Amino acid sequence: MLICRVLVEKFKGKTLRQITPPLIESLKQERLSALTKHGQKRSPATVNRLLSVLSKIFSLAADAEIIESNPCQRVRKFRLNNQRVRVLSIEEENKLFAALRDNDLVKNIVLVALHTGMRRGEIFDLKWFDVDFQRGMIQVRESKSNKKRLVPMNTTIRTLLQNLKRKSEYVFPSPKTGGRLDNVKRSFRRAVREAEIEDFRFHDLRHTAATRMADAGADAFTLMKILGHSDIRMTSRYTHATHAALRRAVENLDENSDFSNVLVTKQKRQARGLP
């Protein structure tokens, strides 16, 4: 595991008691400034995940009374801007599927993400045992919030899953091992580049699904259940009115205004040169 290798390299030869908050802070800053193996800038969220793993190690050590306290508690994580919501347009969606062409595995995974809002790892973990065609539900057992939840299947997903061949206990098994799929990042990124879609990540498929459901009238509590959010504030960003929703809301006022109807009729007659 990459995180473990990084921690071993940084703190090799030191006991737990010798790892101090300043050392942890230096690790934090070093990881943020260092480029990834692909030459890309490392995100604050990635560094925070490393700190979380390290903090868990110290917490276990403290519980076992090996150390007195967790030094990570005195190191602040990077503040994240989690309000980014990138939504795939219908035109971009068509381009993405065209770019995926014969890559049925990734194409199907993308389709599930777009029509359920499930996270990438949840889709990879999905087993046939969790698919209930009779009730039209998918059970998500392993989620970010560690809570099981049910996700309804729409016609698109039901049809997709019913027509898939069962090659493994996993719905989308690894073509190499037949076990759990590990990653589709390379194929997905290649398709995004080929489709010329700017600033789009796999997780944005979840944002797209949530936004489309909200635009179709789903309320925050319904979305919260489907997406598996632990806090409704996480869901509320999807229920903020879009430009189309704002327009519909204002136009609905016309229906209850006799004066508005008379005024519009008068303007139309004037435009045609009628009295």
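Which residue in β3 is the bridge partner of Val140? Colleagues, I shall answer that by way of introduction. The partner is Arg149. Please keep in mind throughout that what we have before us is a predicted model.

Let me place that bridge in its setting. Strand β2, residues 137-140, runs antiparallel to β3, and four bridges join the two. These strands belong to an open sheet of three, arranged in the order β1-β2-β3 with antiparallel pairing. At the edges lie β1, residues 131-132, and β3, residues 149-152, each of which pairs on one side only.

Just after α1 comes Gly13, which takes a positive phi of about 90°.

My next topic is the aromatic rings. In general, a pair of aromatic rings is described by the distance of the centres and the angle of the planes. Across the whole structure, a search finds two such pairs. One of them joins Phe188 and Phe200 in a tilted arrangement, with 6.3 Å centre to centre and 40° between the planes. Phe188 lies in helix α8, residues 185-194, whereas Phe200 lies in the loop between α8 and α9 (204-215), so the pair ties together parts that are 12 residues apart in sequence. Phe188 and Phe200 are both buried.

The other pair is formed by Phe188 and Phe202; this one is edge-to-face, at 5.3 Å centre to centre and 70° between the planes. Here the link runs from Phe188 in helix α8 to Phe202 in the loop between α8 and α9, 14 residues apart. Phe202, like Phe188, is buried. Taken together, ring pairs link Phe188, Phe200 and Phe202 into a cluster.

Lys28 lies over the face of Phe78, 4.8 Å from the ring centre. Likewise, Arg166 has its charged end over the ring of Trp128, at 4.4 Å from the centre of that ring.

Thank you for your attention.

Conventions
Residues numbered from 1 in each chain as written. Predicted model: local features only at pLDDT ≥ 70, side-chain atom pairs only at ≥ 80, totals over all residues. Heavy atoms only, no water. Phe/Tyr/Trp six-rings, centres within 6.5 Å; stacked < 30°, edge-to-face > 60°. Buried < 20%, exposed > 50% of the residue type's maximum accessible area, 1.4 Å probe, protein only. Lys NZ or Arg CZ within 6 Å of the ring centre and 35° of its normal. Pairing = 2+ DSSP bridges.
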